[in-house]
Amino acid sequence: MDREASWRIIEEQRLAIADMLSGLSPEQWRTPSLCTGWSVREVAAHVALTPTPPAFPLMLSTGLRARGNYNRFIDIITRRYAADPDFDPVAALRTHAASRDLPKLTNYRNILFDTMVHAQDMAIPLGHTITVSPEAAAAAADRAVEVGWPVWDRHRLDGVRLRATDSTWEHGDGLEIHGPTLALLLVITGRPAGFAHTTGPGVEILATRLGTASRATETATAPKGKGEESGDAGTCEV
């Protein structure tokens, strides 16, 4: 998928997220997302901040507080904005849906899979559906399998072959895991909820690596409740 098509998908996903979140009750905003440790509001804040990242002084001070830990850095920033009652993720998503501005040290391919996965992080626990075409999910998966440190350990996919049942996408060698491309994308990015739609002899080994004892069917994980100083192991992989 080329750059132009990717940006169109990103815009569509941002608008779909905004539509889904519009009118949520306070309780729904607090719903635990698939992104471990984050509520729906925190995931929404993270996605909304992508085209309008905080100013450099805040980024620098947060980086120092995070002591170089990438996920902790993202977690602190996200919780800060999510806790601000004046920050409106829905309005921000709609206003900047078509924006192609990027935070430093990233690219549109990262934003494609990030936006797509976080949409599911919120939609699945809320009982909503945000549609993703197999082609778009495959493009996102192509990039997600390339990502390693400091986001996650890419070696957790070693010895496993992922094969989509709704597209021609596949990756790796070893014990097979079959399923829709979007479900495989969720698994690649550490979301055990994806296993609910997969089969194959590789499911058990990868589920174990993701910290689940057996084939996962859970759709959400309770937040850690660590506040702004979260970001340790077990916090959302972004």
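Trainee: What is the bridge partner of Arg163 in β3, and which residue is the bridge partner of Arg163 in β2?
Mentor: In this predicted model, the bridge partner of Arg163 in β3 is His178, while in β2 the bridge partner of Arg163 is Glu170. Helices (H or I, at least four residues) and strands (E, at least two) are DSSP runs, numbered from the N terminus.

Trainee: How do you know that β1 pairs with β3, and how many bridges join them?
Mentor: Two strands pair if DSSP finds at least two bridges between them, and five bridges join β1 (residues 160-164) to β3, with the two strands running parallel. One of the facing positions is Val160, which stands opposite Leu175 in β3.

Trainee: What makes α9 count as largely enclosed, and is β1 covered or uncovered?
Mentor: Buried means under 20% relative accessible area, exposed over 50%, and partly exposed in between (1.4 Å probe, protein chains only). Eight of the eight residues of α9 are buried, so α9 is largely enclosed by the rest of the structure, and its buried residues pack against α7, α8, β1, β3 and α10 (203-209). β1 is mostly covered, with four of its five residues buried. Just after α9, Gly190 takes a positive phi of about 85 degrees.

Trainee: Why are α8 and α9 called roughly parallel?
Mentor: Helix α8 (residues 134-144) and α9 pack at an angle of about 25 degrees, with their axes 8 Å apart. Angles under 35 degrees count as roughly parallel, over 145 as roughly antiparallel, 65 to 115 as roughly perpendicular and the rest as oblique, and that makes α8 roughly parallel to α9. The contact is made by residues including Pro134, Ala137 and Ala141 of α8 and Leu182, Leu185 and Ile188 of α9.

Trainee: What is the make-up of that contact by class?
Mentor: The contact of α8 with α9 has nine nonpolar, one polar and no charged residues, where Ala, Val, Leu, Ile, Met, Phe, Trp, Tyr, Cys and Pro count as nonpolar, Asp, Glu, Lys and Arg as charged, and the others, Gly among them, as polar.

Trainee: At what angle do α7 and α8 pack, and which residues meet there?
Mentor: Helix α7 (residues 108-126) and α8 pack at an angle of about 115 degrees, with their axes 9 Å apart. Among the residues that meet are Arg109, Phe113 and Met116 in α7 and Ala136, Asp142 and Arg143 in α8. By class, the contact of α7 with α8 has eight nonpolar, one polar and three charged residues.

Trainee: Why does Ile124 count as partly exposed?
Mentor: Ile124, placed in helix α7, has 28% relative accessibility and therefore counts as partly exposed. The C-alpha atoms of Ile124 and Ala193 are separated by 8.6 Å, although these residues are 69 residues apart along the chain.

Trainee: Where is Pro103 found, and which residues does it touch?
Mentor: Pro103 is found in the loop between α6 (89-95) and α7, and it touches Thr50 and Pro53, not counting residues up to four places away in sequence.

Trainee: Which conventions apply to the numbering and the values?
Mentor: Residues are numbered from 1 along each chain as its sequence is written, and side-chain values use heavy atoms, with hydrogens and water left out. Because the model is predicted, local features need pLDDT of at least 70 and side-chain atom pairs count only at pLDDT 80 or more, whereas totals for chains, interfaces and linings use all residues.

Technical notes. Axes fitted to C-alpha atoms, helices over the stretch in contact; angles between N-to-C directions. Contact = heavy atoms within 4.5 Å.
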